[in-house]
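Here is a short report for a first look at this structure.

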Amino acid sequence: MQTFLVGICYFGNIYMVPLYLQNVLGTSEIMSAALLLPLVLTQTFTTTLSGYVLKWTNRTKTSFCVGFVLWCAGQAGQVAFSRTTTVGVIVGVLLVQGLGIGATLQSSAALSYSHIRWLKDVLMRTFARSSRAHPGVGPLGGPCGRHRRSQVRPLSRLTPSPTLS
């Protein structure tokens with residue numbers, strides 16, 4: 001549920017900020033895209049930095065909480081946007097949001113992954129099974145399948161398990 005709500009907030013923001021800039025402030029499409037760059041670039045930098053911090057400290061809660069506080073502060077600043085909001089204020093608010101989004105997305109992904117490690121194995125098996133049917137991966141399916149089949153023992157050479165008999 002948390003990921004769904006974060007997605008709504010994030011993608012709503014990516015969609016609505018350019019519309020605000022174009023329709024309320026009267027900027028061009030290029031200028032509204034350029035003004036969105038502080039959010040996206042700061043988020044990219046913070047996601048990378050947050051990943052290294054998580055790796056070095058092995059603590060996700062701090063990054064998670066700080067990220068959400070910064071993101072909420074940025075959203076609160078965005079609520080105050082009006083027809084007279086200057087470009088500097090908009091860029092500042094988007095920078096704060098980018099810091100929060102980057103820290104939040106990286107730490108929430110790490111938290112999700114750490115709690116369901118078994119899912120990795122399930123997903124990898126599912127991908128391996130379905131990838132041979134995908135046209136782009138199809139040419140690789142034959143050689144990979146032959147390699148795997150050569151390593152599997154035939155059924156006739158398997159011995160029954162003593163616990164099952």
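## The nonpolar core

The largest nonpolar core has 14 residues, and Leu21 and Ile90 touch the most other members. A nonpolar core is a set of buried Ala, Val, Leu, Ile, Met, Phe, Trp, Tyr and Cys residues joined through side-chain atoms within 4.5 Å. Buried means under 20% relative accessible area, exposed means over 50%, and partly exposed lies in between (1.4 Å probe, protein chains only). Helix 1 (2–23), helix 2 (29–57) and helix 4 are the elements that give two or more residues to this core. Helix 1 gives the most, with five residues.

Leu21 is in contact with Gly26, Thr27, Ser32, Leu35 and Ile90, leaving aside neighbours within four places in sequence. Contact here means heavy atoms within 4.5 Å.

## The model and its overall fold

This is a predicted model: local features need pLDDT of at least 70, side-chain atom pairs count only at pLDDT 80 or more, and totals for chains, interfaces and linings use all residues. Residues are numbered from 1 along each chain as its sequence is written, and side-chain values use heavy atoms, with hydrogens and water left out.

The protein has six helices and zero strands. Along the sequence the pattern reads α-α-α-α-α-α. Helices (H or I, at least four residues) and strands (E, at least two) are DSSP runs, numbered from the N terminus. Among contacts with a separation of 6 or more, 71% join residues 24 or more positions apart.

## A buried glutamine

Is Gln97 buried or exposed? Gln97 counts as buried, because its relative accessibility is 0%. Gln97 sits in helix 4 (residues 87–115). Its side chain makes a polar contact of 3.0 Å with the side chain of Gln75. A polar contact is a pair of N or O atoms within 3.5 Å; within protein, one must be able to donate a hydrogen and the other to accept it, and residues adjacent in sequence count only if both atoms are side-chain atoms.

Not counting residues up to four places away in sequence, Gln97 touches Asn13, Leu39, Trp71, Gly74, Gln75 and Gln78.

## Aromatic rings

The whole structure holds five aromatic pairs. Rings of Phe, Tyr and Trp (its six-membered ring) pair if their centres lie within 6.5 Å; planes under 30 degrees apart count as stacked, over 60 as edge-to-face and the rest as tilted. Tyr10 and Phe11 are edge-to-face, because their ring centres are 5.0 Å apart and their planes stand at 75°. Tyr10 is buried at 14% relative accessibility. Phe11 is exposed at 57%.

Phe68 and Trp71 form a stacked pair, with centres 6.1 Å apart and planes at 10°. They are three residues apart in helix 3 (residues 61–79), so about one helical turn separates them. Phe68 is partly exposed, with a relative accessible area of 23%. Trp71 is buried, at 3%. Phe64, Phe68 and Trp71 form one aromatic cluster.

## Cysteines

How many disulfides are there? The count is zero, where a disulfide is a pair of cysteine sulfur atoms within 2.5 Å. Cys9 is in no disulfide; its nearest cysteine sulfur, that of Cys72, is 7.6 Å away. Cys72 is in no disulfide either. Cys9 counts as partly exposed, at 27% relative accessibility.

## Surface

Of the 165 residues in the protein, 25% are buried. The accessible surface comes to about 11500 Å², and carbon and sulfur atoms account for 69% of this surface. Accessible areas come from the Shrake-Rupley method with a 1.4 Å probe; for residues, only the protein chains shown count as cover.
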